[in-house]
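Me: I'm new to reading protein structures. Could you walk me through this one with some questions and answers?

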Amino acid sequence: MPKIRKIVTKNANELAEALDLTPADAVEWVMRHSLTEKIIDTAKRNRLTVSEIAKGAKTSRARVTRILKGDTHGISIDVLLRVLGAAGQTIKISYSKAA
């Protein structure tokens with residue numbers, strides 16, 4: 001049986017590099033994670049129901065439930081942004097040069 005080598009990464013860029021993915025993938029992971037965490041935090045803090053968020057974001061309750069569980073695989077960034085808006089948040093984007 002082949003040995004499995006453990007790889008530890010410190011950030012999304014290192015993870016993408018370890019998996020032989022592009023820096024663009026790392027940027028998407030960071031943004032997706034940040035949006036998801038903010039949605040979850042805002043929904044909990046404001047005691048929003050799945051139905052309220054889904055109606056405001058014009059998406060399904062099933063999709064909102066997945067997002068609130070941290071499962072955003074297959075959910076586009078634009079849907080995450082709509083859900084964040086429906087939860088009562090806005091977003092401010094800043095850019096910096098990739099390392």
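Predicted model: local features only at pLDDT ≥ 70, side-chain atom pairs only at ≥ 80, totals over all residues.

Me: Which pattern does the chain follow, read along the sequence?
Reply: Helices (H or I, at least four residues) and strands (E, at least two) are DSSP runs, numbered from the N terminus. The chain has five helices and zero strands. Read along the sequence, that gives α-α-α-α-α.

Me: Is the chain more spread out or less spread out than a compact globule?
Reply: The radius of gyration is taken over C-alpha atoms, and the globule rule is 2.2 Å times the number of residues to the power 0.38. For 99 residues the rule gives 13 Å, while the chain has 16 Å, well over that value, so the chain is more spread out than a compact globule.

Me: What share of the 99 residues is buried?
Reply: Buried means under 20% relative accessible area, exposed over 50%, and partly exposed in between (1.4 Å probe, protein chains only). By that rule, the buried share of the 99 residues is 23%.

Me: Which residues does Ile39 contact, leaving aside neighbours within four places in sequence?
Reply: Contact means heavy atoms within 4.5 Å. Ile39 is among the residues with the most contacts inside the largest nonpolar core. Once those neighbours are left aside, its partners are Ile67, Leu68, Leu80, Val83 and Leu84.

Me: Is Arg32 buried or exposed?
Reply: Arg32 lies in helix H2. Not counting residues up to four places away in sequence, Arg32 touches Thr72, Ile75, Ile77 and Leu80. Its relative accessibility is 15%, so Arg32 counts as buried.

Me: And Thr72, is that residue buried or exposed?
Reply: Thr72 lies in the loop between H4 and H5. Leaving aside neighbours within four places in sequence, Thr72 is in contact with Arg32, Thr36, Arg66, Ile67 and Leu80. With a relative accessibility of 9%, Thr72 counts as buried.

Me: How far apart are the C-alpha atoms of Val79 and Val64?
Reply: Val79 lies in helix H5 (residues 77-86), and at 6% relative accessibility Val79 counts as buried. Not counting residues up to four places away in sequence, Val79 touches Thr59 and Arg63. Val79 and Val64 are 15 residues apart along the chain, and their C-alpha atoms are separated by 9.5 Å.

Me: How far apart in space are Val50 and Leu68, C-alpha to C-alpha?
Reply: Val50 is in helix H3 and, at 25% relative accessibility, counts as partly exposed. Not counting residues up to four places away in sequence, Val50 touches Arg61, Val64, Thr65 and Leu68. In sequence Val50 and Leu68 are 18 residues apart; in space, C-alpha to C-alpha, they are separated by 8.5 Å.

Me: What is the phi of Asp20?
Reply: Asp20 sits in the loop between H1 and H2. Its relative accessible area is 70%, so Asp20 is exposed. Although Asp20 is not a glycine, its phi is positive, at about 60 degrees.

Me: What about the phi of Lys58?
Reply: Lys58 lies in the loop between H3 and H4. Lys58 is exposed, with a relative accessible area of 73%. Lys58 is not a glycine, yet its phi is positive, at about 55 degrees.

Me: To finish, how far apart are the C-alpha atoms of Lys3 and Gly74?
Reply: Lys3 lies in the segment before helix H1 (12-18). At 84% relative accessibility, Lys3 counts as exposed. Lys3 and Gly74 are 71 residues apart along the chain, and the separation of their C-alpha atoms is 32 Å.

Notes. Residues numbered from 1 in each chain as written. Heavy atoms only, no water. Core = buried A, V, L, I, M, F, W, Y, C linked by side-chain atoms within 4.5 Å.
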